[in-house]
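Subject: Structure for you to look at

Hello,

Here is the structure I said I would pass on. My notes on what was found in it follow below.

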Amino acid sequence: MMTSRHISRAFARPAIVTFFSISGALLLSGCVPPAEGVDPLSEPGEHWEIEDLERPPVEVRIERVVEATNRARARGQDCGEYGWMEAAGPVQADEALEMAATAHAHDLAAMDALSHTGSDGSDFVERAERAGFEGQPVGENIAATFRLGEALVQGWVASDDHCRVLMNPDARFIGVGLYDTEPGAPFSTYWVQVFGH
């Protein structure tokens, strides 16, 4: 496990944070997934913004998201329209899911879009299988945001659909991927987390 490091941060103005999620259970049960598009989640307040030269290493940021996800799962969460979801067991980082998440984060940046459909028409199940994941992919969350670690996960938890994906009791594994955009882009980082059983 990596040791924690002091990271210099600068406060940013309130921002629009965009999130989008899909449940693997819906897709795998044969239901039609939600229509594609962007589901804006506006959360007034303070947000942490990381300057390009001050961003922690990718490995550190990924580890912080996995840890924050497990803390959220351990507490149980009110997932709005889906009701209270009981505490769920921790998820373990998986290399294949991380590869799938990272590839999709890069693809989102290249497309300049938020979508669960890749530029090649793939969904998160296909991407996980292509990366070599041998279990069952069960869900994916994506975001384009300045947020990191705990703040990023709190944003997902505050959105009903994302919360349900993150709290899925069947999830045993997680892969987190990210892609940092160029300075001046609307968002600093594209984030993807994929869950599997």
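**Helix α2**

Helix α2 has 18 residues, which at 1.5 Å a residue should span 26 Å, and its end C-alpha atoms are 26 Å apart, in agreement. The expected span of a helix is 1.5 Å times one less than its number of residues. Helices (H or I, at least four residues) and strands (E, at least two) are DSSP runs, numbered from the N terminus.

Before going further: this is a predicted model, in which local features need pLDDT of at least 70 and side-chain atom pairs count only at pLDDT 80 or more, while totals for chains, interfaces and linings use all residues. Residues are numbered from 1 along each chain as its sequence is written, and side-chain values use heavy atoms, with hydrogens and water left out.

The buried residues of α2 are Val-60, Arg-61, Ile-62, Glu-63, Val-65, Val-66, Ala-68, Thr-69, Asn-70, Ala-72 and Arg-73. Buried means under 20% relative accessible area, exposed over 50%, and partly exposed in between (1.4 Å probe, protein chains only). Among the elements that cover these residues are β5 (77–78), α3, α5, α6, β9 and β10. After α2 comes Gly-76, with a positive phi near 75 degrees.

**The cores**

A nonpolar core is a set of buried Ala, Val, Leu, Ile, Met, Phe, Trp, Tyr and Cys residues joined through side-chain atoms within 4.5 Å. The largest nonpolar core has 25 residues, of which Val-65, Val-153, Trp-156, Leu-166, Val-176, Trp-191 and Phe-195 touch the most other members. Two or more residues of this core come from each of α2 (58–75), β8 (137–145), α5 (149–157), α6 (160–166), β9 (173–180) and β10 (189–196). The most come from α2, which gives five residues.

Val-153 is in contact (heavy atoms within 4.5 Å) with Val-65, Ala-68, Thr-69, Ala-72 and Leu-166, leaving aside its neighbours within four places in sequence. Another core, of 16 residues, lies apart from the largest one and includes Ala-109, Val-125, Ala-128 and Tyr-190.

Two strands pair if DSSP finds at least two bridges between them. Strands β9 and β10 run antiparallel and are joined by eight bridges; Asp-180 stands opposite Thr-189 in β10. Strand β7 (residues 92–93) runs parallel to β9, with two bridges between them, and Gln-92 has Phe-173 as its bridge partner in β9.

Gln-193 is in strand β10. Its relative accessibility is 0%, so Gln-193 counts as buried. The side chain of Gln-193 makes a polar contact with that of Thr-69 at 3.4 Å. A polar contact is a pair of N or O atoms within 3.5 Å; within protein, one must be able to donate a hydrogen and the other to accept it, and residues adjacent in sequence count only if both atoms are side-chain atoms. Beyond its neighbours within four places in sequence, Gln-193 is in contact with residues including Val-65, Glu-140, Trp-156 and Ile-174.

**Helix α3**

The 17 residues of α3 should span 24 Å at 1.5 Å a residue, and this agrees with the 24 Å between its end C-alpha atoms. At the N-terminal end, Asp-94 caps α3, with a side-chain oxygen 3.0 Å from the backbone nitrogen of Ala-96. Buried residues of α3 include Leu-97, His-104, Asp-107 and Leu-108, and the elements covering its buried residues include α4 (124–130), β8, β9 and β10.

Thr-102 belongs to α3 (residues 95–111). With a relative accessible area of 24%, Thr-102 is partly exposed. Its side chain reaches the backbone oxygen of Glu-98 at 2.8 Å. Thr-102 and Gly-177 are 75 residues apart in sequence, yet their C-alpha atoms are 3.8 Å apart.

Phi of Asp-112 is positive, near 55 degrees, in a residue other than glycine. Most residues other than glycine have a negative phi. Asp-112 is exposed, with a relative accessible area of 59%.

**The disulfide**

How many disulfides are there, counting a pair of cysteine sulfur atoms within 2.5 Å? The count comes to one. Cys-79 and Cys-163 form this disulfide, with their sulfur atoms 2.0 Å apart. Cys-79 is in the loop between β5 and β6 (84–85) and Cys-163 in helix α6, 84 residues apart, so the pair links distant parts of the chain. The link is left-handed, at -60 degrees about the S-S bond. Both Cys-79 and Cys-163 are buried.

Regards

Notes: A disulfide is a pair of cysteine sulfur atoms within 2.5 Å.
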